[in-house]
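Please read the numbered points with the structure in view.

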Amino acid sequence: MSVERLQNYVGGEWIDSTSKTTGQVHNPATGELIGECPFSTKDELDHAVAVAKEAFDGWRRTPVEDRIQPLFRLKALLDENAKELAAILTREHGKTLSEALGSVQRGIQMVEAATGAPSLMMGQSLEDISRGIDCQSVRQPVGVFTCIAPFNFPAMVPLWFFPFAVACGNTFVCKPSEQVPFSQKFMWELVHEAGFPPGVLNLVNGAHDVVNGMIENPDIEGISFVGSTPIAEYVYSKASAKLKRVQALGGAKNYIFLMADADMDFALDSITESAMGCAGERCLAASVVLCIGGNKDEVREGLLKRMQALVVGDGSKPGVHLGPVISAEHKERVLAKIQRGIDEGGELVLDGRNPDVPGDGYFVGPTLFDNVKEGMSIAQEEIFGPVLCLMEVDTLEEGLAIAKRQPLANANSIFTTSGRAARQFGYEVPASMAGINIGVAAPMSFFSFGGAKQSFFGDLKAHGREAFDFYTDRKVLISRW
Ligand code: NAD
């Protein structure tokens with residue numbers, strides 16, 4: 001049976017990669033082979049970068065008001081085609097259709113925010129900084145930027161970057177995850193229809209060679225990476241040593257603080273959604289619940305009841321809450337981490353290792369651990385599956401001390417009705433995306449996104465106003481006439 005082989009989009013045209021190496025793309029709900037992703041070569045990447053560099057001068061001289069017009073058209077096209085994009089996403093990734101659509105809508109908001117460039121790119125000016133001398137600072141685009149995307153939000157993550165980059169007058173090369181390249185194929189068809197000039201937006205499919213090529217290519221000014229912590233650190237350290245701008249968003253281990261005074265039903269609903277949504281493959285997923293002040297029995301019983309009620313299955317089917325994990329290999333990794341949790345003394349309250357789902361999909365059911373202790377691997381390492389751990393502490397201070405000792409600090413949330421506890425949490429918690437009575441503390445497009453410690457390498461985070469700092473140089477003009 002022949003399967004579709006993906007193409008690259010360079011200079012406004014779809015072109016075949018000559019690479020002999022490819023990755024297989026499967027529908028994780030069925031195991032069916034749905035495509036072949038070429039692992040483009042370094043030369044193919046270099047060609048795309050040269051095309052983007054060539055397009056830069058004309059694009060940066062295009063007035064910002066004209067630059068945002070194709071973004072408005074892209075936003076309209078994404079609105080019109082959101083359901084089709086969500087269905088493509090579910091087929092290659094596995095998350096449910098409503099989760100897929102939610103992530104597409106989040107992505108569309110990025111395009112909306114980027115169209116604010118005429119205001120958000122403005123500089124500052126001051127007359128008479130000295131007698132007869134005026135000073136003005138302007139933001140100028142820098143050149144070619146790229147992004148390297150993870151598998152878990154196939155449509156949304158590149159939208160964190162390219163709309164802002166091109167609105168500022170830069171040109172761009174995107175590398176999707178080789179595990180889920182179809183969403184970006186569809187996205188770039190819409191990009192083409194939106195009418196960006198050739199070379200402004202380019203797509204190169206591939207894996208490690210493209211990433212290493214981006215690090216090496218001297219014509220790339222900046223790289224945005226999203227993925228696991230070891231690769232985030234690798235890309236950050238190598239590419240910044242090549243004097244590029246780099247923002248590298250890494251992995252997560254998100255602690256949720258559940259106070260005894262919380263609105264318990266609301267909190268348990270939110271935590272279940274946060275931990276089990278997208279099969280736990282979210283960098284903002286709840287991973288460990290710190291039960292604070294003697295509420296653990298109630299929490300355990302409430303979560304168990306909610307998690308047992310979730311329907312596991314093909315995310316494209318109605319009534320399914322929990323789709324598969326991304327691949328057979330990833331399922332094995334999740335199962336190994338569950339086994340390690342058992343070996344280390346965690347109490348497996350709900351065992352999702354063999355969910356009753358027909359077919360050859362890569363399913364892991366809802367899994368709940370109790371009696372988890374700080375030193376255990378399931379308390380410290382990212383699992384990236386539908387696995388939730390319960391830990392008991394006496395006070396908020398004790399919980400904060402545990403969270404501060406964790407190397408990963410992407411997102412933390414607290415559930416409480418106490419203003420004092422909420423304030424102390426917000427003030428002290430180490431993660432830089434923090435929720436108060438919010439299960440998934442995801443910043444909107446006009447705020448910035450990114451964690452702390454080993455969850456983020458760099459200084460300027462994704463989207464929001466910080467995008468306009470990442471994608472521009474601030475030039476100061478001092479003039480006397
Ligand atoms: P990953 O690190 O395996 O891959 C990310 C990208 O890096 C892919 O495009 C891949 O081709 C490339 N890559 C992988 N290994 C490489 C290597 N050895 N050399 C060069 N390039 C390499 O991540 P993933 O499994 O696709 O995504 C899941 C991870 O992403 C999780 O850790 C999750 O927490 C993280 N994530 C973080 C955020 C955030 O905002 N912090 C958002 C989404 C996902």
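1. A residue is near a molecule if one of its heavy atoms lies within 4 Å of it. Of the 24 residues around the ligand, those that come nearest are Ala149, Glu178, Ser228, Gly250 and Glu382.

2. The model is predicted: local features need pLDDT of at least 70, side-chain atom pairs count only at pLDDT 80 or more, and totals for chains, interfaces and linings use all residues. Residues are numbered from 1 along each chain as its sequence is written, and side-chain values use heavy atoms, with hydrogens and water left out.

3. Helix H9 (208-216) and strand S11 (220-226) each supply at least two residues of the shell around the ligand. Helices (H or I, at least four residues) and strands (E, at least two) are DSSP runs, numbered from the N terminus.

4. Where is serine 103 placed? Serine 103 belongs to helix H4, which covers residues 97-114. Is serine 103 buried or exposed? Serine 103 counts as buried because its relative accessibility is 4%; buried means under 20% relative accessible area, exposed over 50%, and partly exposed in between (1.4 Å probe, protein chains only).

5. Leaving aside residues up to four places away in sequence, serine 103 touches Leu89, Phe153 and Met156, where contact means heavy atoms within 4.5 Å.
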